[in-house]
Amino acid sequence: MSTPIVPSHARVVIIGGGVIGSSVAYHLAHLGVKDVVLLERDKLTSGTTWHSAGLMVTFGSTSETSTEMRKYTRELYARLEAETGQATGFKPVGFIEVAADQDRLEEYRRVAAFNRLCGVDVEEIGPDDVKRLFPIARVDDILVGFYVKGDGRVDPVDVTMALAKGARMQGATLLEGVPALGVVTKNGAVTGVDTPFGTIACEVVVNCAGMWARQLAAKSGINVPLQAAEHYYLITERIEGVDRSWPVLEDPGSYGYFREEGGGLMIGMFEPVCAPWKIEGIPQDFSFGEIPPDWERMTPYLEKAMARVPISLEAGIKKFFCGPESFTPDLKPLVGESAEVKNYFVAAGLNSIGILTGGGIGRVVAHWIVDGQPGVDVTAMHADRLHPFQSNPEYRRTRTVESLGMVYQCHYPTKSMSTARDAKRSPIHERLAAVGAYFKDVSGWEGADWFAGRGEIADPGPLSFGRMTWWPNWQAEHRATREGVILMDMSFMAKFHVEGRDAGRLLNWISANNVDGEAGRITYTQWLNEKGTLEADLTVTKLDDERFFVVASDTAHRHVATHLKRAFAGAHAFACDVTSGYAQINVQGPRSREVLQAVTDADLSNEAFPFRTAREIAVGFARVLCVRITYLGELGYELYVPSEQALHVHDRLVAAGAPLGMRYAGLKALASLRMEKGYRDYGHDIDNTDSVLEAGLGFAVDLKKPGGFLGKDAVLAKKAEGPLRRRLLQILVKDPAPLLHHAEPVWRSGKPVGYVRAASYGHTLCGAVGLAMIDAGDIALDAAYLDSGAWEVDIAGKRYPAVASLRPLYDPDMTKIKA
């Protein structure tokens, strides 16, 4: 075999020749980036792609980004053969998702409503129709099916080869038998890739190494917490009457999917408890290998799946295949620029949807590299959202057992991962547990969601899409905040000390608001990019001319840390992550001042300590940064307490609050309280595609401050366009019974105009309430537009009258907050 010849330079080097790497190469080349080199250590499709089941399904996601990627991928696979001459094996035979219980019916009706809004042609069909389309299925217990006629299947190898050929036709170079030994960096940025045949100097690297991505990234100090797990499918011998034209049938309740294969059936599975594979690391010489199947472990799951198609139990078994696929801790892909090294991109951890989103992922990454922005909401899949501890062997071993099975679990809105827990605890965790806290996973922290009460066990009861057993507890915590006083632990929030001569100037440059004004003040602000869309939503407290305190949400922790690091490069400004160093204890509600005044000698009167004041105060033996601010819509204070004194301060507050009936409140109350007030949450109801004006946050932008800010020109250009036609609105369902969760379509005068991005239940407003991004088309989205339309929300296929508002529906004039 001749020695491969590698180029000395490329603009972009892609590592990994599976469907994702080939798609990135294809899309970069089509964007005009010809100087692209893809390195594959063995042969294209080795690793996972070659043994994929090849489902091409657009139904099933309540993420706009994921749904649009699926739609684009299907369209791409349908036309690739005409472009390249290479078949993809795409067969639009159709797809059916069946529901055999009421909870899955509720879930799929909600999904179907959202998917239809996104342009997926979903038809709800009865059991007889399922039987007609897939004659050998048992349908006696099926309630309905959800049928997408244009979905189907592809050949994963052919798809990859077609993408690779298309990339080559546009000038990209794809090299097989050339492993990447490591990525070369200098001053925190990519400079090249080492191979056995020489170093390729480059500006950008894309790690598409699949189940090897974590190991490759670790060589450069980059966190990519994914883990391979066993994934199974069985192929039967020929079964009389099975036809290649039959649709793909999926029954998550039976752990299985079914499609024709070689005149028989392929029966694939996502069992609820899975087996991680090679925790210690994937062998470098593993390419087209198989894992010996664990018949004993898998037989009960296999029998349940096969019972959906009883004839399969009688057919001969041609192959019981087990191969590795990689999964992430939250079952979402890892895509985007890494937090650790500039211009080092990741596109891996596809959680068994690599084929059906492969085209979309490749297009997003290519645009991100070329345009500097991905062009779609990537907050849920950004590679910087996860933390280094999630790459630990024990964490991966523990969490992956649950991850694969989540693919087919019923996706209840209050479901929290149950494995790999207790990774991080607040300093006051034991105090919260003693009063019956029900904890959920909050970016690895144990966050108190609601409270059962002292001496009570926090039993959530059966999961549901409706009101659960703890509804009264949640309601009481919400009302206590509105009418009395509560204590809430938010120690999981990301916190940074920022210091230096240049700190104020640089923070003010990356902040749209003026954060470098008067000392002792907290400022709510957004960080924007050059295009004027959001990168972060946070607070900056100015302590003095050279000291600041930045607080962001848990999910934005590493994203914000990376922004600070890169903004401060070469300057006399330094950011220190002090998240673990401080507990955040919030005292909120109309009587919060009374509680806090009882434990400090500081004057907390409205005159001495007005809204937005930030000052160090004494509480017992502790010095506490006290900030008068709220995320709940009431008079309130956030206390940042040194972790070693958190219990001391907590106990003083609880003692002072007891005569006033102070309660604990959890994250369920936080969600409902902030939603009534219309407060935003980056990554949930606002994202990187939104302009700060469309997000309704123009009040937090200072266009007149000296020196301007990053993104100012784009904001001014947006204002110059005239009245907004796209805007985030508050939506309240008039009927108090139905619940909003996420992704419910919003209708105005009989036409869909957007969907609910995040929601809760407004116990004060007496109805489900959410934030929805609305597109008015060519009409100005103003009060007249709201008042002249009849508003409805589609919840699981039924429309309910609603109220739409530009202003907060609760306390729009902020009189309670400033009391």
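**Close-up 1. Buried residues of helix α9 in a predicted model.** Within α9, the buried residues are Y395, R396, R399, T400, E402, S403, L404, G405 and M406. The structure shown is a predicted model. What do these buried residues pack against? Their partners are α6 (213-218), β12 (227-236), β16 (317-327) and β19 (437-442).

**Close-up 2. The length and kink of helix α9.** Helix α9 covers residues 393-406, 14 residues in total. From its first C-alpha to its last it reaches 20 Å. That is close to the 20 Å expected at 1.5 Å a residue. Where is the kink in α9 centred? The kink is centred on T400 and comes to about 35°. T400 is also one of the buried residues of α9.

**Close-up 3. Helix α1 packs with helix α2.** Two packed helices are described by the angle between their axes and the distance between the axes. Here, α1 (residues 19-30) and α2 (residues 64-84) pack at an angle of about 70°. Their axes lie 14 Å apart. The angle therefore makes α1 roughly perpendicular to α2. On the α1 side, the contact involves V19, Y26, H27 and H30. On the α2 side, they meet Y72, L76, Y77, R79, L80 and E83. The residues of this contact divide into 6 nonpolar, 2 polar and 2 charged.

**Close-up 4. Buried residues of helix α13 and their partners.** Helix α13 spans residues 557-567. Its buried residues are H557, R558, H559, V560, T562 and L564.

How values were computed: Residues are numbered from 1 along each chain as its sequence is written. This is a predicted model: local features need pLDDT of at least 70, side-chain atom pairs count only at pLDDT 80 or more; totals for chains, interfaces and linings use all residues. Side-chain values use heavy atoms; hydrogens and water are left out. Helices (H or I, at least four residues) and strands (E, at least two) are DSSP runs, numbered from the N terminus. The expected span of a helix is 1.5 Å times one less than its number of residues. The bend at a residue is the angle between axes fitted to the seven residues ending there and the seven starting there. Buried means under 20% relative accessible area, exposed over 50%, partly exposed in between (1.4 Å probe, protein chains only). Contact means heavy atoms within 4.5 Å. Axes are lines fitted to C-alpha atoms, for helices over the stretch in contact, and angles run from 0 to 180 degrees between N-to-C directions. Angles under 35 degrees count as roughly parallel, over 145 as roughly antiparallel, 65 to 115 as roughly perpendicular and the rest as oblique. Ala, Val, Leu, Ile, Met, Phe, Trp, Tyr, Cys and Pro count as nonpolar, Asp, Glu, Lys and Arg as charged, and the others, Gly among them, as polar.
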